[in-house]
Amino acid sequence: MSEHEDNQGMSAVVRYTIVAVVLGIFTAIEVAVLYPPLVQQGDLFKISLLVGLSILKFVAVVALFMHLWHDPFLYTAIFGAGFVLAVGTMVALIAVTSVHPPAPGTVPPMTEDDILRIQDERRHGGGHGGGEHATPAGEHSFLDRLDSYQLAAATMQVSL
Amino acid sequence: MSSHAHPIENPHEIGCTGYPHRKIIMWLFLASDCMFFMSLISTYLVYRNRSTAHPLPEEIFDIPLTSTSSFVLLMSSYLMVLTLAAIERGDLFKFRLWCAGTAFFGSIFLGFQIYEFSHFVNAGLTLSSNIFGSTFFVLTGTHGCHVAIGVLWLVALFVYSFVPNGVTPARALDVEIAGLYWHFVDIVWIVIFTAVYLMEYII
């Protein structure tokens with residue numbers, strides 16, 4: 001192998017080594033967030049630091065170790081499309097399923113009678129069809145009167 | 001052609017795009033695997049803090065252990081890129097050394113995972129103990145399976161390098177494709193380590 005090719009190979013090894021050392025340092029900082037003094041900082045700072053470092057590590061590995069930086073744009077487009085779809089789906093799923101708990105003391109706890117009424121309404125489709133705990137005609141069904149947090153809590157108690 | 005292109009042994013390797021078929025297919029696979037892992041991570045995050053039964057994450061996570069395994073996987077990614085650089089230079093000895101090192105580090109990571117899983121099971125966390133157990137084991141277990149497949153792939157490459165003309169600079173694409181898979185496994189763990197382990201102690 002020529003001396004020029006040797007030098008190119010060695011400079012690539014040096015470059016990869018530097019990137020690996022930096023990634024190791026980022027990992028150490030991420031773990032240090034859980035210990036003093038960083039743990040005493042605000043939640044927003046800690047979350048921003050963790051997410052930011054993860055993004056930097058992700059981009060460094062994809063761009064430099066997977067060579068996307070030097071490769072044709074087609075590969076970036078292929079992976080990027082999948083990644084954007086993935087992240088978008090995740091954000092949408094979390095947004096759709098997020099439930100905000102009410103203020104403490106404003107929601108009475110679920111009783112066993114409430115849970116049995118939910119099971120009855122679900123079994124008989126809507127609440128008025130029948131069953132021992134069915135809602136009388138003319139009234140809103142018990143399920144309709146629950147807010148999203150109560151419904152989520154009741155669903156967990158009923159199905160888990 | 002990119003600055004990272006290397007000679008292709010088989011001219012039929014190149015398609016109408018002007019790029020190697022197998023590399024395009026691997027990137028397509030990685031894009032789909034990205035969506036697959038994001039769905040598992042989303043499921044974990046959606047059901048986070050919804051478990052009513054113990055044990056809960058903050059009771060059993062061992063951050064120093066998981067940090068060590070994360071570092072090991074990160075270093076295996078470094079060794080993988082050295083493996084590719086070695087075969088591109090035609091240095092077969094270094095290729096075998098770094099390839100074996102990458103597989104070894106991957107095995108160490110799997111060992112950490114097995115130890116962690118057995119510790120969690122002993123603590124009462126199983127697939128069916130609570131929603132945290134279900135989502136956690138499916139997510140990290142799937143990732144562990146990917147790592148195991150990667151280790152087998154690297155061992156196969158290492159063994160194949162002893163076959164005459166098995167692994168050569170003209171066939172560096174074989175090693176590059178294995179490297180893409182291995183690096184992807186690493187970046188998925190980067191996301192899992194932050195979203196599953198570290199975030200538990202922040203929010």
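Modeller: Chain A and chain B bury about 4500 Å² between them. Carbon and sulfur atoms carry 80% of that area. Three residues stand out on the chain A side. A:L34, A:M66 and A:Y75 supply 14% of the area that chain A buries against chain B, more than any other three residues. Keep in mind that this is a predicted model.

Now the residue counts. Chain A brings 48 residues to the contact, and chain B brings 52 residues. By class, the side of chain A that touches chain B has 34 nonpolar, 9 polar and 5 charged residues.

Polar links come next. The rule finds 4 residue pairs in polar contact across the interface of chain A and chain B, both residues being at pLDDT 80 or more. It finds 1 salt bridge across that interface. The partners are B:K23 and A:D71, whose side chains meet at 2.8 Å, N to O.

Which helices of chain A each supply at least two residues of the side that touches chain B? They are helix 1 (3-32), helix 2 (43-65) and helix 3 (73-97). Helix 3 of chain A gives the most, with 13 residues.

Stay with B:K23 for a moment. B:K23 also forms a salt bridge with B:E176, the closest N and O atoms being 2.6 Å apart. B:E176 lies in helix 6 of chain B and B:K23 in helix 1 of chain B, so this pair ties together parts that are 153 residues apart in sequence. Are these two residues buried or exposed? B:E176 is buried, with a relative accessible area of 3%. B:K23 is buried too, at 5%. Taken together, A:D71, B:K23 and B:E176 are linked in a network of salt bridges. The link from B:K23 to A:D71 is the one that crosses between the chains.

Helix 1 and helix 6 of chain B have another tie. The side chains of B:D174 and B:R22 meet in a salt bridge of 2.9 Å, N to O. B:D174 sits in helix 6 of chain B and B:R22 in helix 1 of chain B, so the pair joins parts that are 152 residues apart in sequence.

Chain A has its own bridge between helices. A:E30 and A:K57 meet through their side chains in a salt bridge of 3.0 Å, N to O. A:E30 lies in helix 1 of chain A and A:K57 in helix 2 of chain A, so this pair ties together parts that are 27 residues apart in sequence. Both A:E30 and A:K57 are buried. Over all chains, the structure holds 7 salt bridges.

Next, the loops. Most residues other than glycine have a negative phi, and most peptide bonds are trans. Several places in this model depart from that.

Take the loop between helix 1 and helix 2 of chain A, where A:P37 is placed. A cis peptide bond joins A:P36 and A:P37, with omega about 0°. Further along, A:H67 lies in the loop between helix 2 and helix 3 of chain A. A:H67 is not a glycine, yet its phi is positive, about 65°. At 3% relative accessibility, A:H67 counts as buried.

The peptide bond from B:H54 to B:P55 is cis, with omega near 5°. B:P55 lies in the loop between helix 1 (21-46) and helix 2 (57-60) of chain B. B:N165, a residue other than glycine, has a positive phi near 55°. Its place is the loop between helix 5 (131-160) and helix 6 (172-198) of chain B. B:N165 is exposed, with a relative accessible area of 62%.

Last, chain A as a whole. Chain A has 6 helices and 0 strands. Its pattern along the sequence reads α-α-α-α-α-α. Of the 160 residues in chain A, 32% are buried. Among contacts in chain A with a separation of 6 or more, 46% join residues 24 or more positions apart. The accessible surface of chain A comes to about 9500 Å², and 67% of it belongs to carbon and sulfur atoms.

Notes:
Residues numbered from 1 in each chain as written. Chains lettered and ligands numbered in written order. Predicted model: local features only at pLDDT ≥ 70, side-chain atom pairs only at ≥ 80, totals over all residues. Heavy atoms only, no water. Contact = heavy atoms within 4.5 Å. Buried area = accessible area lost by both parts, 1.4 Å probe. Salt bridge = Lys/Arg side-chain N within 4 Å of Asp/Glu carboxyl O. Polar contact = N/O pair within 3.5 Å; in protein donor to acceptor, adjacent residues only side chain to side chain. Helix = DSSP H or I, 4+ residues; strand = E, 2+ residues; numbered from the N terminus. Nonpolar A, V, L, I, M, F, W, Y, C, P; charged D, E, K, R; others polar. Buried < 20%, exposed > 50% of the residue type's maximum accessible area, 1.4 Å probe, protein only. Areas by Shrake-Rupley, 256 points an atom, 1.4 Å probe, with all protein chains shown as cover.
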